[in-house]
Amino acid sequence: MDIIIGKLKLFEVPQGFVQFRKQIHDAKLGVLYNVSKRYPDADFSFYEVYGKWSLLDETNKLLSSFFDDFDIVEGQSPINSSPIDNHPKIIVDGNPVDLEYGELRLITADTFDELEQPRPNTVTALNFPITEDAYLKLKETHMLITDIEEVIPESLLGKELLGNIDKEDMLSQVLLSRLLRGKSICG
């Protein structure tokens, strides 16, 4: 039985998601584990297995811990077995087969409107700062990457101005807090 596994890109973490590198790595290892248990006596061919930060020896050693017989093939993969933003598939004796392994979604959001409802196996990178209170609330239901801004007034004027801003308007709170502290609001 010949099996093709492609585009795993081990040891590669998409930019902006370094904080969740363990979850990303574990998701890719889950595919290897799933395939190795499902097809223990097959011959495996890997396409695009080396990620940007892969060391050849370490990657080969990792693959050897799952498979006795495998080849690493140069060129583009005919299939995408990566669980990152993809439902993983492999090719078994020339036929595509869905793996019974879930994907890990990595999304970015530029506004709160783009923040999706909580879903399992989804990491969201917010491209804007939020308040510590909002982070603690969102952290209960989301896996988040974001800058956290402490919005505590340092003066009575700051307290009055911040008190007049809607609690849901975090961007205005963060910008006003930075402005009152004399920090840059553009970077």
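User: How much of the protein is buried?
Analyst: Buried residues make up 41% of the 187 residues in the protein. Buried means under 20% relative accessible area, exposed means over 50%, and partly exposed lies in between, using a 1.4 Å probe and protein chains only.

User: What kind of model is this, and how are the residues numbered?
Analyst: This is a predicted model, in which local features need pLDDT of at least 70 and side-chain atom pairs count only at pLDDT 80 or more, while totals for chains, interfaces and linings use all residues. Residues are numbered from 1 along each chain as its sequence is written, and side-chain values use heavy atoms, with hydrogens and water left out.

User: Where is the confidence lowest, and where is it highest?
Analyst: The lowest confidence is in helix H4 (residues 156–163), with a mean of 67, and the highest is in strand S2 (residues 43–47), at 97. The protein averages a pLDDT of 86, and 82% of the residues score at least 70. Here pLDDT is the predictor's confidence in each residue, from 0 to 100. Where pLDDT is low, the predicted coordinates should not be read in detail.

User: How many helices and strands are there?
Analyst: The protein has five helices and ten strands. Helices (H or I, at least four residues) and strands (E, at least two) are DSSP runs, numbered from the N terminus.

User: Which residues of helix H2 are buried?
Analyst: In H2 (residues 56–66), Thr59, Leu62 and Leu63 are buried. Seen down the axis of H2, these buried residues fall within an arc of 95°, so they line one face of the helix. The arc is that of the directions from the helix axis to the C-beta atoms.

User: And what is on the face turned away from the buried side?
Analyst: That face of H2 carries the exposed residues Asp57, Lys61 and Ser65.

User: What do the buried residues of H2 pack against?
Analyst: They pack against helix H1 (21–38), S2 and strand S3 (70–73). Contact means heavy atoms within 4.5 Å.

User: Changing topic, which strands pair with S4?
Analyst: Strand S1 (residues 2–6) and strand S4 (residues 89–92) pair in the antiparallel sense over two bridges, and four bridges join S4 to S5, again antiparallel. Two strands pair if DSSP finds at least two bridges between them. Val92 in S4 is the bridge partner of Ile3, and Val92 also stands opposite Asn95 in S5.

User: What happens between S4 and S5?
Analyst: They form a hairpin with two residues between the strands, where Asp93 takes a positive phi near 50°.

User: Why does Val97 count as buried?
Analyst: Val97 counts as buried because its relative accessibility is 19%. Val97 is found in strand S5 (residues 95–98). Leaving aside residues up to four places away in sequence, Val97 touches Arg38, Tyr39, Pro88, Lys89, Ile90 and Val92.

User: Which strands make up the open sheet?
Analyst: The open sheet of three strands has the order S6-S7-S9, with parallel pairing. Its edge strands are S6 (105–109) and S9 (143–145), each of which pairs on one side only. Five bridges join S6 to S7 (residues 122–126), and Arg105 stands opposite Thr122 in S7.
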